[in-house]
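Try each task before reading its solution.

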Amino acid sequence: MKAYQTSEIKNVVLLGASGSGKTTLAEAMAFEGKVIDRRGSVEADSTLSDNTEIEHIYKRSIYSTILFTEFMGRKFNIIDTPGSDDFCGSLFSAFKVADVGLMLFNAQNGFEVGTEIQARYARKYEKPIIAVVSQLDAEKANWEATIESIEANSRVKPVIVQYPVNPGPSFDSFIDVLMMKMYRFKGMNGEREELDIPESERERAAELHNKLVEAAAENDEALMELYFDKGTLTQDEMRSGLKLGLAKRDLMPVFCTSGARDIGTKRLMEFVINVAPGPLKAPNFLTVDGTEVEPDAAGPLALFVFKSAVEPHLGEVSFFRVIRGTLTEGAEVVNSRTGNREKLSQIFAIAGKTRVKVSEMMAGDIGCTVKLKGVKTNDTLCAPSAPITIALISFSEPRYRAAVRSVRTGEDEKLGELLNRASYEDPSILVEYSKELKQTIIQGQGEHHLNILKWTLGNVNKMEIEYMAPRIPYRETITKVAAADYRHKKQSGGAGQFGEVHLLIEPYAEGMPEPGKYKVDGKEIATNIKSKEEVELDWGGKLVFYSSIVGGAIDARFLPAILKGVMEKMEEGPLTGSYARDIRVIVYDGKMHPVDSNEISFKLAGRNAFKEAFRKAGPKIMEPVYSVEVLVPGDKMGDVMSDLQNRRAMIEGMSSEHGMERIVARVPLAEMYRYSTTLSSLTNGRATYSMKFASYEQVPADVQDKLLKAYTDSDKDE
Ligand SMILES: Nc1nc2c(ncn2[C@@H]2O[C@H](COP(=O)(O)OP(=O)(O)O)[C@@H](O)[C@H]2O)c(=O)[nH]1
Ligand SMILES: [Mg+2]
């Protein structure tokens, strides 16, 4: 393969709802570029893109696939993505490295739920979008309805470049109102004739041509003037106007295809070459500190790793885009995250599972390399002389959590390795062992997402796993002042143990005044602070520990032991064994014994005095509450709201935008298990949501009673 110049490269991401025909179109594009000499089909499990067993079972893409194709002296790097929102992780990676999106609209369905979700992401990443009406040969293909639904729902203005003459099973022709030609296709392999527009279509074609000219002119004042002077624009002038409008996302050119019959593929690719931004015209990549990096093929090398995989018999495969410079086989680079040197002994162009060895790749190109052990997604590999770090792909917050364990015992280590690998390959999967919950917690984008992983582990890695509801990380705290005295005394043979601690506890809040006088159980306690220690707790919140001991009742050297005793109970709260937080402790009196007092005695006295006081201080269990944002179509608002209310949600706000309602609520984590599944079934998959930790709040009395009872039943403490 020749080494393509930066100006000869087009990086394209295929978007659209699941089933819209992305994988089939990718196949046609690869065929047009002669990467394959026969087109496979999704039905026959023979496409370049859907090449894994699980994709064959589902007949749908689950992983994103990169495939290059060479066409008219250009190299296209096409990223075929899964349509389902559960696999949006790979979409974010694709958005990072693609310069333009082809959004497929199935002519049988028009603007679908999946389209809407992906259009939202495209907006977020500011990707220019070309609309591709697909499956125009299908029985129920309906051009008018499809265009209407795009016009009604798309926030980027659709501008028709082509329309079909005979949509439906006899589909073989479309009219291109930019070229002002009709294209008629023969057979199934893209052979076409270029014809004059027949009499019967002239009026319609002329009308759409004028609209296209206007839409092109609108993007530039000079073009607008030309248009006013001449009443029209040349094809090249139209292209330059469309180029501007496309790049700014002011317009979305609309094309006609049937991927299954390879109709329209070539014209679409020509248009991408002529009008869509390539690496030189797309916005420059930014480094983590916001510096732009020009795609200069003569500059120092920088590669950005956007996807990683582990392949049997081969090991790690790292997929990258060359951000700057020219990569040559054998290049030595440094990983800017780790500082490690790496050698790229082999570099490849990628067409699904097929890798074609190349010797050189220039800025803008996409390829892969193998066997880089310490490299992962989001790493920048650069010339040691000019290290930079490209801004990272931000994967969305996980939306589904579960605890995971292996079904067979003794496989923890192997499971850990496999889960780490899963999150290496798919950074939208997060895995962590929680010491607090004593569970391995896995997070992903939805139940389907995690079930696919379960299938893969079971069938490919022979590791049977099960998912369970994760335990909830409750916290304990107190609501009022209480005091307790505790004397630890032990006399057994030789040296005895003696320590007595009088302490007082109260709820801690940021900015509260220093301790003064207290009245507890009818007794006045005046404090006179001698020392103060603030402990930032690892699990959130604070413990503030004071000594106000007078007259040397307890030696200062025993204070650390008392604090240690208190901390032991903070780590294993008296109510449910959960972490305690936000408490102020004032040791104000006690007793020592000249011989028997030692650290262990004071630790035990401190611990027990604290525990006793805690129980008298109106103790409460607190639960994590998340801020949840749901985006739901207006007609499903009622169902989603009443479901949220059943989850003890506090609705904080509602607003509408473009027919969607945004609900902001605070919901206890304990009520969010499997929420994505419920939301999806309430709305037929038309809603999305995100959640992030907000605060700890007291649980309602009935919930507290239940938790206390559950703990007392299992408590073996003292
Ligand atoms: N009739 C017809 N069927 C198509 C066409 N493109 C895709 N399909 C079928 O639609 C289904 C989904 O196609 P696929 O390419 O997997 O869609 P993706 O989920 O967007 O990748 C498959 O059954 C395809 O065979 C087309 O142009 N015409
Ligand atoms: Mg697909």
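On a 1 Å grid over the protein atoms alone, a pocket is an open set of points where a 1.4 Å probe fits, with protein on both sides within 12 Å along at least five of seven lines; lining residues have an atom within 4 Å of a point. This is a predicted model, in which local features need pLDDT of at least 70 and side-chain atom pairs pLDDT 80 or more, while totals for linings use all residues. Residues are numbered from 1 along each chain as its sequence is written.

**Exercise 1.** Describe the largest pocket and its lining.

*Solution.* Start with the space: the largest pocket holds about 1200 Å³. Next, count its lining, which has 46 residues, with T52, Y63, A309, V310 and E425 nearest the centre. Among the elements giving two or more residues to this lining are α3 (88-97) and β14 (302-311). Finally, sort the lining by class: 21 nonpolar, 15 polar and 10 charged.

**Exercise 2.** Work out how α6 and α7 pack.

*Solution.* First, locate the helices: α6 covers residues 199-217 and α7 residues 221-230. Their axes are 8 Å apart, at an angle of about 140°. Then list the contacts (heavy atoms within 4.5 Å): V213, E214, A216 and A217 in α6 meet L223, M224 and Y227 in α7.

**Exercise 3.** Classify the aromatic pair of F174 and F185.

*Solution.* Begin with the criterion: ring centres lie within 6.5 Å, and planes under 30 degrees apart are stacked, over 60 edge-to-face, the rest tilted. Here the centres are 5.7 Å apart with 35° between the planes, a tilted pair.

Methods:
Chains are lettered from A and ligands numbered from 1 in the order in which they are written. Side-chain values use heavy atoms; hydrogens and water are left out. Axes are lines fitted to C-alpha atoms, for helices over the stretch in contact, and angles run from 0 to 180 degrees between N-to-C directions. Helices (H or I, at least four residues) and strands (E, at least two) are DSSP runs, numbered from the N terminus. Grid points are joined across faces, edges and corners, and a volume is the space filled by probe spheres set on the points. Ala, Val, Leu, Ile, Met, Phe, Trp, Tyr, Cys and Pro count as nonpolar, Asp, Glu, Lys and Arg as charged, and the others, Gly among them, as polar. Rings of Phe, Tyr and Trp (its six-membered ring) pair if their centres lie within 6.5 Å; planes under 30 degrees apart count as stacked, over 60 as edge-to-face and the rest as tilted.
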